Amino acid sequence: MNRCGWVNQDPLYIDYHDKEWGVPVYDDRLLFEYLNLEGAQAGLSWYTILKKRENYRLAFDQFEPSKIIAYDDKKIAELMNNEGIVRNKLKIQAVITNANAYFDVVNEFGSFSTYIWSFVDGNPIQNHPSSLQDVPVTTEISDKLSKDLKKRGFKFVGSTICYAFMQAVGMVNDHVVDCHCYRKQVARE
């Protein structure tokens, strides 16, 4: 079975690629989770974060923004001592900052999903990469998303992080054309 070349042989990674990556996500909480996990990845590999994802979910109350906005210095200290996550104070504080910005977006747009998906007019972009070399790390749309998120106070949302987020949540289909998931994503259209 053909898969995208970035997938290693770990069953966790294969399962993520085959069942999650590139599948459109419209759930506000899950979009918030993905955005923060992509931010946690900055300077690291996605595989590193994927292996820690369940620890992140436990540590950050399933990425429930209404709980995260109440985090205080005691909670930050607890997170800094949690070996199951990346213990970077700026990244930890970014999740709290992002939770506050999240509510501003929801108040303005009605949902985080409506806001996020507006950058692609509500429809996944179907790319047709022949190889990994054909897949960009940023695009004009990820640049716009990054700029707008930053303007709204979000942290760890550079254009490369935003493009990885867009790929993960199915805003763009970047499965290579000979990957078995490519046709599944195109068929969803």
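Colleague: Where is the place of Lys-91?
Modeller: This is a predicted model. Lys-91 sits in helix H6, residues 89–109.

Colleague: Is Lys-91 buried or exposed?
Modeller: Lys-91 counts as buried, because its relative accessibility is 11% and the cut-off for buried is under 20%.

Colleague: Leaving aside neighbours within four places in sequence, what is Lys-91 in contact with?
Modeller: Gly-39, Ala-40, Gln-41, Ala-42, Leu-44 and Phe-156. Leu-37 is 54 residues from Lys-91 in sequence, with 9.7 Å between their C-alpha atoms.

Colleague: Switching to pockets. What volume does the largest pocket have?
Modeller: About 460 Å³. Its lining has 18 residues. Trp-21, Gln-41, Trp-46, Ala-164 and Gln-167 lie nearest the centre.

Colleague: Which helix gives the most to that lining?
Modeller: H9, with 5 residues. Helices H1 (11–19) and H2 (28–41) each supply at least two.

Colleague: And by class, what is the lining of the largest pocket?
Modeller: It has 13 nonpolar, 3 polar and 2 charged residues.

Colleague: Now rings. How many aromatic pairs are there?
Modeller: The count comes to 15. One of them is Trp-6 with Tyr-13, edge-to-face, 5.4 Å centre to centre and 70° between the planes. Tyr-13 counts as buried at 8% relative accessibility, while Trp-6 counts as partly exposed at 24%.

Colleague: Which residues form one aromatic cluster?
Modeller: Phe-32, Tyr-102, Phe-103, Phe-109, Phe-112, Tyr-115, Phe-119 and Phe-154.

Colleague: What lies over the face of Tyr-71?
Modeller: Lys-75, at 5.0 Å from the ring centre.

Conventions. Residues are numbered from 1 along each chain as its sequence is written. This is a predicted model: local features need pLDDT of at least 70, side-chain atom pairs count only at pLDDT 80 or more; totals for chains, interfaces and linings use all residues. Side-chain values use heavy atoms; hydrogens and water are left out. On a 1 Å grid over the protein atoms alone, a cavity is a set of points where a 1.4 Å probe fits but cannot get out, and a pocket is an open set with protein on both sides within 12 Å along at least five of seven lines; lining residues have an atom within 4 Å of a point. Grid points are joined across faces, edges and corners, and a volume is the space filled by probe spheres set on the points. Helices (H or I, at least four residues) and strands (E, at least two) are DSSP runs, numbered from the N terminus. Ala, Val, Leu, Ile, Met, Phe, Trp, Tyr, Cys and Pro count as nonpolar, Asp, Glu, Lys and Arg as charged, and the others, Gly among them, as polar. Buried means under 20% relative accessible area, exposed over 50%, partly exposed in between (1.4 Å probe, protein chains only). Contact means heavy atoms within 4.5 Å. Rings of Phe, Tyr and Trp (its six-membered ring) pair if their centres lie within 6.5 Å; planes under 30 degrees apart count as stacked, over 60 as edge-to-face and the rest as tilted. A charge sits over a ring if NZ of Lys or CZ of Arg is within 6 Å of the ring centre and within 35 degrees of the ring normal.
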